[in-house]
Amino acid sequence: MAYTVALIGNPNVGKSVIFNNLVPGAKQHVGNWPGKTVEKKEGKCFHKGVELKIVDLPGTYSLTSRVIDELIARNYIVEENPDVLVDIVDASNIERNLYLTLLLLELEANLVVALNMVDIAKDKGYTIDVKKLSEQLGVTIVPTVATTKEGMEELKDEIIKAVERKDLVKTKITYGDKIEDLIHSIIEIIKKDKPLAQKYPLRWLAIKLLEKDEDVLEKIKNSRYYHELMEMIY
């Protein structure tokens with residue numbers, strides 16, 4: 001059986017280097033995302049007898065519907081539902097990078113964080129408590145230095161563990177009682193539309209509706225509960 005692993009991260013965090021480390025050049029396929037001029041790279045590798053299909057998503061700072069690279073990455077995650085999502089975080093610029101990590105947790109993805117450039121962070125005098133950060137985020141974190149291939153075997157080990165994990169505990173980011181009540185009410189409406197509810201993460205969809213995300217509004221326009229949902233958000 002082959003498992004799909006998507007790589008995501010801010011631009012210039014070493015994502016392409018990690019992709020090249022995981023997938024030998026001869027195994028890579030480079031093309032474009034369907035209907036777009038944005039490059040798509042994918043390939044496969046084997047680790048401990050398990051085949052991994054690696055997909056390199058466009059570099060992105062966020063997951064809005066206003067930037068094509070961000071929309072491609074977001075739609076791939078929610079519609080293709082990869083078995084594992086590897087979020088590559090620049091340890092030397094961690095505060096900015098963790099914003100994307102929080103957005104990915106909101107998507108309820110099966111997440112593994114590759115904390116890359118830990119050598120540069122160390123040179124800058126940064127000390128990161130990886131264990132504590134992992135506990136706070138509720139995800140596995142693997143320190144890596146992509147340029148020297150440090151941490152690559154550990155990363156592949158954790159990808160396999162994440163794939164095989166049956167008791168995934170999803171980290172929930174909360175927004176206060178008033179907003180949470182609204183999110184709950186919207187989720188209850190979405191549940192009535194079974195095809196919609198089965199296709200997208202319910203909580204993520206509800207939050208994006210509250211944000212009046214244009215792409216998500218387009219996705220639900222044919223729902224028989226569209227007007228009921230609109231009454232909740234306007």
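Here is a short chat about the structure above, which is a predicted model.

Tutor: Local features need pLDDT of at least 70 and side-chain atom pairs count only at pLDDT 80 or more, while totals for chains, interfaces and linings use all residues. Residues are numbered from 1 along each chain as its sequence is written, and side-chain values use heavy atoms, with hydrogens and water left out.

Student: How many residues does the protein have, and what share of them is buried?

Tutor: Buried means under 20% relative accessible area, exposed means over 50%, and partly exposed is in between (1.4 Å probe, protein chains only). Of the 234 residues in the protein, the buried ones make up 50%.

Student: How many salt bridges does the structure hold?

Tutor: For a salt bridge, a side-chain nitrogen of Lys or Arg has to sit within 4 Å of a carboxyl oxygen of Asp or Glu. By that rule, the structure's count is 17.

Student: How far apart in sequence are the parts that lysine 48 and aspartate 157 tie together?

Tutor: These two form a salt bridge, with their closest N and O atoms 2.9 Å apart. Lysine 48 is in the loop between β3 and β4, while aspartate 157 is in helix α6 (residues 152-164), so the parts they tie together are separated in sequence by 109 residues.

Student: Is lysine 41 buried or exposed?

Tutor: Lysine 41 pairs with aspartate 56 in a salt bridge, the closest N and O atoms being 3.9 Å apart. Aspartate 56 is buried, and lysine 41 is likewise buried.

Technical notes
Helix = DSSP H or I, 4+ residues; strand = E, 2+ residues; numbered from the N terminus.
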